[in-house]
Amino acid sequence: MNWGKVVYIFFALMSLTTTAGFLYDKNEIALFIAASINLVSTLLKIGVKNILSAELFASSLVADLHLIPAFVVLQTTGNMTIVYSLAIGAAIANIFSLSLVLVEASKTQEEF
C-alpha cells in the first residue's frame with residue numbers, strides 16, 4: 001500500500017467533507033477548519049507527479065480561493081449569503097478534484 005497516496009487522498013476527501021460540514025452547520029469555526037484542511041490538501045498536491053496533477057492542483061487552488069475569501073467575508077461583514085455561495089463553489093471544486101482522483105486511479109489500474 002502506498003501510504004503517501006493514502007494521506008494525499010485522505011486530505012482531498014477531508015477537504016470536501018469539512019466544507020460540507022460548514023454547509024450543514026454554518027459557523028466560523030467549521031469554515032476555518034474547512035479552509036485549513038483545504039490548504040493542507042493543496043500543499044500536498046504540489047509534489048504530486050501524476051497524469052492529472054495540474055488539474056488536481058488547479059481545482060484545489062479554486063477551492064482555496066473560495067474558502068479563504070469566505071472566511072474573510074464572514075469575519076468582516078457577516079454576510080452569510082456570500083459566504084454560503086463561496087462555500088458551495090469550494091465544495092464543487094472539491095467534488096471535481098475527487099472525480100479526477102478516481103479517473104486517475106482507474107487509469108493506474110489499467111496499466112497493471
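Partly exposed means a relative accessible area between the buried range, under 20%, and the exposed range, over 50%. The views below come from a predicted model.

**View 1. Phe10 and Phe11 form an aromatic pair**. A search of the whole structure finds two aromatic pairs. In the pair shown here, the ring centres of Phe10 and Phe11 are 5.2 Å apart. Their planes meet at 85°. Planes over 60 degrees apart count as edge-to-face, so that is the label for this pair.

**View 2. Phe32 and Phe71 form a tilted aromatic pair**. Centre to centre, the rings of Phe32 and Phe71 are 5.6 Å apart. The angle between their planes is 50°. Phe32 lies in helix 2, residues 28-46. Phe71 lies in helix 3, residues 53-76. The pair therefore ties together parts that are 39 residues apart in sequence.

View 3. Phe71 has a relative accessible area of 23%.

**View 4. Met1, Trp3 and Val6 form a nonpolar surface patch**. Together, these residues have about 400 Å² of accessible area. Met1 lies in the segment before helix 1, which spans 3-24. Is Met1 buried or exposed? Met1 has a relative accessible area of 79%. Exposed means over 50%, so Met1 is exposed.

How values were computed
Residues numbered from 1 in each chain as written. Predicted model: local features only at pLDDT ≥ 70, side-chain atom pairs only at ≥ 80, totals over all residues. Heavy atoms only, no water. Patch = residues over 30% accessible without salt bridge, like charges linked within 9 Å, V, L, I, M, F, W, Y side chains within 5 Å. Areas by Shrake-Rupley, 256 points an atom, 1.4 Å probe, with all protein chains shown as cover. Salt bridge = Lys/Arg side-chain N within 4 Å of Asp/Glu carboxyl O. Helix = DSSP H or I, 4+ residues; strand = E, 2+ residues; numbered from the N terminus. Buried < 20%, exposed > 50% of the residue type's maximum accessible area, 1.4 Å probe, protein only. Phe/Tyr/Trp six-rings, centres within 6.5 Å; stacked < 30°, edge-to-face > 60°.
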